[in-house]
Amino acid sequence: EVFLPEETRGATPVDFLQQLPSYQSALRRRATAGTQDRRAASQDPAGLRAAEGRGLQQEGDEVAARPAREHPLTIAEKRRLRYCQQADIKYLSGWKQWKRTSNKSLKKVLSEVKELSSYLELWRHDIHSIEGKFGTGIQSYFSFLRFLVLLNFIIFILMFSLVTLPSIISKYGMFNSSFAKIPPKNVEPHCTVYEPSGNKGLVYFYTYLKDLLSGTGFLEVTVLFYGYYTIDAEWISIQKYNLPLAYLLATFGYLALSLVWIIKRSVGGFKQNLVHNKDPFQSYCNKVFAGWDFCITDPNAARLKHRSLQYELQTDLEEERMKRKIADRTTKEKLRIYSLRIFINIIVIAVLSGCFYSIYRATVFSQENSNVSIRHDDVSNMNFQANLLVQYLPSMVITLANFIAPQIFSFLIRFEDYSPAFEIRLTLMRCVFVRLANIGVLLFSLWSQISYCATDKCNACGYNYELYPCWESEVGQEMYKLMIFDFIIILAVILFVDFPRMLLVTHCSCKPVQWCGLQEFGISDNVLEIIYGQTICWIGTFFSPLLPAIATIKYFIIFYIKKISLIHTRKPAARPIRASSSNFFFLVVLLIGLLLAFIPLGISIAHIPSSKACGPFRNFNTSWAVVPHTIDGFPTGLRQVLYGIASEAFAVPFFMVICLIMFYFIALAGAHKRVVEQLREQLVMVRFDPLFCSPKV
């Protein structure tokens, strides 16, 4: 072979790789191996093993304790290393021998426990089966659904153990417990009147059905809603339990738990997106050489994967065509396309405004008329249907807006002349915005009704006590109805749309029917659907502590419904998305929903006056007021420390330190990015530089 001269090789940009600790370790391993081979010629096998054992001991017990299978060595080198490790044990003290044996046994036990726990994982077999038949893209949706089931179950355990269980124990006098209700001080008597609309006397069956669907009647006075927890102090045995503080801390706890868990799961996807290369050539190579999903075992899924890869390559070509088209645009064409996009965005804003105004009017109408119906207590069948329709009017309008608006957005995006990939992202972000913003508009409409006061008596209470004597329970009922109606819609679409369509496609040979075919299983649409429901759960848990239990049952049933729908009534999308990118996208949208939930909960806790007739915070002006009230009961030294932490003298330096830490991590990320770029350059040089191609002869 022909080699470059030393000067040329020295001039190549390999200094960076040669300075890496991994490169230096490789050199040491090669030098050590050469020394051991030379010693093997003059020593017997026992002496060789002893010398190599002492050499490994000098390198460190931690490296020597690693199993041979964890080293990047050949089979012969691993066998030699195992002999060295066995010989090395003779030269260790009793304590080090016991420590090494204990570590090895502990690792083995942990490995067996981890393997056993994998068999206890929820829906393990079902998700693996879906992955084998339909690929990792659809499997990522069901894994995401399992994550939400576990998250809601943990939130339910948290709320039940800290809020619901102590209230039940104290109200029923279990474990020598008791509770006290302290009348609010400096509050007008009319503000403390709360008479839940419980069922009295003869009750018709459809009244129970209405209460079950709307959360009123017998459900309003149960542990499901905020009004049940009208307890100011509890004593379990001789210990006092501060229920208001526990209620608030449980709320902060489930929000913090959700935030940490989502961020932890999204870190892996964020790293992949951070290192992802935008180079079209590398993207092409990834699709050609690493694009196949080896989890697929079904022939139909394999054909679908072939079409998916073909579509991705066509999309890349379309992206390149769009880039050339954009580069060749004249000033007149740019002016035309920008004017068209501005006009289309005005239409999008008009559609969003129409959706928001419709939700606002529907909510106001529903609240006014449902309260009138409850006060008159009519029980006729016709009035039952009308009252149920009025109570579910906001939920129906929101569902209709969530269905119509995305269809309009998908139609308008075709005229904006974006690239295919950007069209998908922009449409998804608009759909996310309209779904989550609809919930915010509903809450804004409720708060406008709750805060509206036209009399001095109302101003004395701080909220509309006539229509909303316990406004927290009213908000909880709205979130409960949204969740129930969302589940009914998901079930109805599968039973009354997908199933009849599947029967027509299977048993009817008409060309129009066969041309329509089965409905596609859109991963993004299904994910937005469950994220919408999860945002409702986060917001509603403060007003309905057991709402996570309902969400857990709902998502548990949805898993099997979607699985049956995928196998029998739908087909995989012709344009699927990768699991690596979809998981990160799902978690980002879920994080947006969580951040949206912080806003209404923060306003409800810190700004809107709490109800004076129900709930654990009726003796406080706001729910947050329980925190300073609790701090005032602390010892003087601790109280001063806490107030000092909350003061500006601590907040300003703390903010500056946080900014410095943030700047440090930004600089560190930039350095890592440069390292990645240098490593990519070195990978390119592997083909041309003999230093990386073959050893010297």
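This is a short tour of a predicted model, stop by stop.

Before you click, note that residues are numbered from 1 along each chain as its sequence is written. Local features here need pLDDT of at least 70 and side-chain atom pairs pLDDT 80 or more, while totals for chains, interfaces and linings use all residues, and side-chain values use heavy atoms, leaving out hydrogens and water.

**Stop 1: two annotated spans**

Residues 147-169 are 100% helix, with end C-alpha atoms 31 Å apart. Residues 479-497 are also 100% helix, and their end C-alpha atoms lie 26 Å apart. (Helices are DSSP runs of H or I, at least four residues; strands are runs of E, at least two; both are numbered from the N terminus.)

**Stop 2: Arg146**

Now pick Arg146, in helix α9 (residues 136-171). Is Arg146 buried or exposed? Its relative accessibility is 13%, so Arg146 counts as buried. (Buried means under 20% relative accessible area, exposed over 50%, partly exposed in between, using a 1.4 Å probe and protein chains only.) Leaving aside neighbours within four places in sequence, Arg146 contacts Glu121, Leu122, Trp123, Arg124 and Ile127; contact means heavy atoms within 4.5 Å.

**Stop 3: a helix pair**

Show α19 (residues 471-507) and α22 (residues 547-569): they pack at about 10 degrees, with axes 11 Å apart. Axes are lines fitted to C-alpha atoms, for helices over the stretch in contact, and angles run from 0 to 180 degrees between N-to-C directions. That makes α19 and α22 roughly parallel (under 35 degrees; over 145 is roughly antiparallel, 65 to 115 roughly perpendicular, the rest oblique). Residues making the contact include Phe487 and Asp498 of α19 and Ile558 and Ser565 of α22.

Zoom in on Asp498, which sits in α19. At 2% relative accessibility, Asp498 is buried. Not counting residues up to four places away in sequence, Asp498 touches Val493, Gln519, Ser565, Thr569 and Arg570.

**Stop 4: the disulfide**

How many disulfides does a search of the whole structure find? One, where a disulfide is a pair of cysteine sulfur atoms within 2.5 Å. Select Cys470 and Cys614: their sulfurs are 1.9 Å apart. Cys470 lies in the loop between α18 and α19, and Cys614 in the loop between α23 and α24, so the link ties together parts 144 residues apart in sequence. Both Cys470 and Cys614 are buried.

Finish with two other cysteines: Cys431 is buried at 7% relative accessible area, whereas Cys510 is partly exposed at 40%.
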